[in-house]
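Colleague: I'm new to this one. Can you walk me through it?

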Amino acid sequence: MSAVHREPLTAPHRTRNDAVLALGVAVLAVAIALMGGGGISPGHLSWKLLLAGCVPLVWRRHRPLVALLGVVVCMAPYYAFDYNPAPPVPAVVLALYTVAATGAVRRTLLTGVAVLGSTVISNGITDQDGALESLEISGWIITVLVAGVAVRYYRLYVASLVERAERAERTREEEARRRVAEERLRIARDLHDLLAHSITLIGVQTSVAAHVLTADPERLDRKAVAQALDDIAGTCRTARGELRTTLEVLRADDTAVDVGAGAGSSSGSASGAGDLREPLPGIDGLAGLAESGRVAGAKVGLSVRADGIPPSVGAAAYRIVQEELTNAVRHGGREDLTVRVELWIADGALRVRVRDDGTGAGGGPGGEVAPSGGTPGFGLVGMRERARSVGGTLAAGPGPAQGFEVTAVLPLSQEDEVR
């Protein structure tokens with residue numbers, strides 16, 4: 001079966017194998033000739049023609065038509081002298097089969113017509129009463145050619161199956177690599193959002209506690225210090241819980257991870273299957289974000305005019321607001337910083353706008369501008385990735401008067417659209 005499946009024109013060691021096969025055909029022809037039969041008894045000329053007709057078979061796969069022509073040139077005089085007709089049959093059959101199995105159907109048809117025509121004409125000239133014999137010979141020639149064509153199409157079918165299986169394997173490997181890359185990106189985004197927000201709040205709350213302790217040691221405001229420390233402890237508890245949830249997602253089985261990667265990172269996902277595993281809530285959690293910003297010293301105004309938001313869109317909106325609020329608190333540059341957060345639905349999409357009136361260096365989210373000459377962060381990049389994950393867009397830049405403004409348009413799926 002391996003020999004049948006293998007493409008004859010590209011098979012390894014084909015010349016050596018064909019030489020062995022030609023030798024076997026020659027031995028078979030000699031054996032048939034020695035067994036006797038009809039026609040004139042073999043002589044020196046018949047042996048020479050019979051053996052010479054097997055030599056072209058050595059190159060039957062390199063030059064199928066040339067090999068067939070060589071066999072015919074040697075065997076035609078053999079038949080013309082009316083020697084035993086059986087010995088040349090194996091060589092002729094093998095040459096015809098090779099032409100049919102290695103070439104196009106048109107070439108096989110033309111070859112069959114040429115061989116059949118010459119055979120019928122020569123047989124009619126030499127034996128005018130041998131119509132039945134001519135029909136028998138024609139039947140064998142057609143059978144051999146049909147068998148060769150059938151084997152050729154079978155080989156093409158097997159090759160197409162192999163190629164399809166290899167392509168499917170490559171596709172599976174590429175899909176696996178794509179999912180791994182998407183999952184790594186999602187994990188990096190989650191950890192950045194979680195840690196940047198929590199550490200920023202802890203830093204601000206620690207500064208408040210340090211200021212209270214050093215501002216007037218003689219009149220220490222113990223209540224203010226306790227409140228600052230409680231805020232720090234609360235922020236740590238929240239961050240620890242969210243980090244634990246993220247780690248649980250990472251430790252989940254492969255199926256759960258694949259679902260999270262495929263649904264949470266693909267553009268335009270309407271079902272939100274992957275986002276249901278997000279460690280942070282959707283727009284229902286924006287009130288908590290606003291409160292954490294107020295604890296950090298900013299005046300945060302929140303306006304939400306949206307209901308029934310899909311989980312994937314809600315998670316993306318939450319992350320965008322979280323990142324911009326964190327950067328406003330970090331880079332605002334003023335004590336009376338004001339941040340305005342607005343969410344509403346218009347034209348089948350959730351609109352998000354976060355605007356602050358800060359004056360600090362960098363003016364807004366990291367990712368393109370690094371405050372105080374530091375290393376650029378990934379805030380702006382992460383927010384744009386969040387928007388793209390649900391098929392939306394995000395724009396960021398200086399506000400109309402001062403500060404920084406981030407606006408996002410997050411499309412709603414048709415079945416979840418709120419009018």
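Colleague: Is Glu 291 buried, partly exposed or exposed?

Modeller: Glu 291 is partly exposed, and its relative accessible area is 42%. Keep in mind that this is a predicted model.

Colleague: Which residue does Glu 291 meet in a salt bridge?

Modeller: Arg 294. The bridge spans 3.4 Å, N to O.

Colleague: How far apart are Glu 291 and Arg 294 in their helix?

Modeller: They are three residues apart in helix α10, residues 286-295, so about one helical turn separates them. Arg 294 is partly exposed too, at 37%.

Colleague: Which residues are joined into one network by shared partners?

Modeller: Asp 18, Arg 60 and Arg 61. Their salt bridges share partners.

Colleague: How many salt bridges does a search of the whole structure find?

Modeller: It finds 10.

Colleague: And why can such side chains pair?

Modeller: Opposite charges can pair when the charged atoms come close.

Colleague: What about Glu 169, which residue is its partner?

Modeller: Arg 172. Their closest N and O atoms are 2.5 Å apart.

Colleague: Is Arg 172 exposed or buried?

Modeller: Arg 172 is exposed, with a relative accessible area of 52%. The cut-off for exposed is over 50%, so Arg 172 counts. Glu 169 is at 36%, so it counts as partly exposed.

Colleague: How far is Asp 190 from Arg 319?

Modeller: Their C-alpha atoms are separated by 8.7 Å. Along the chain, the two residues are 129 residues apart.

Colleague: New topic: helix packing. How do α3 and α4 cross?

Modeller: Helix α3 is residues 44-52 and helix α4 is residues 64-80. Their axes come within 8 Å and cross at roughly 150°. That makes α3 roughly antiparallel to α4.

Colleague: Left-handed or right-handed crossing?

Modeller: α3 passes α4 in a left-handed crossing.

Colleague: Now the surface. Which residues make the nonpolar patch of about 220 Å²?

Modeller: Tyr 79, Val 89 and Val 93 make that patch.

Colleague: Where is Val 89?

Modeller: Val 89 is in helix α5, residues 89-102. It is partly exposed, with a relative accessible area of 39%. Patch residues need over 30%, so Val 89 clears that cut-off.

Colleague: Last stop, Asp 347. What is its phi?

Modeller: Asp 347 has a positive phi of about 55°, although it is not a glycine.

Colleague: Where does Asp 347 lie, and is it buried or exposed?

Modeller: Asp 347 lies in the loop between β2 (338-346) and β3 (349-356). At 73% relative accessibility, Asp 347 counts as exposed.

Key
Residues are numbered from 1 along each chain as its sequence is written. This is a predicted model: local features need pLDDT of at least 70, side-chain atom pairs count only at pLDDT 80 or more; totals for chains, interfaces and linings use all residues. Side-chain values use heavy atoms; hydrogens and water are left out. Patches are made of residues with over 30% relative accessible area and no salt bridge: like charges are joined within 9 Å, nonpolar side chains (Val, Leu, Ile, Met, Phe, Trp, Tyr) within 5 Å. Accessible areas come from the Shrake-Rupley method with a 1.4 Å probe; for residues, only the protein chains shown count as cover. A salt bridge is a side-chain nitrogen of Lys or Arg within 4 Å of a carboxyl oxygen of Asp or Glu. Helices (H or I, at least four residues) and strands (E, at least two) are DSSP runs, numbered from the N terminus. Buried means under 20% relative accessible area, exposed over 50%, partly exposed in between (1.4 Å probe, protein chains only). Axes are lines fitted to C-alpha atoms, for helices over the stretch in contact, and angles run from 0 to 180 degrees between N-to-C directions. Angles under 35 degrees count as roughly parallel, over 145 as roughly antiparallel, 65 to 115 as roughly perpendicular and the rest as oblique. A crossing is left-handed if the near helix is turned anticlockwise from the far one by less than a right angle, and right-handed if clockwise.
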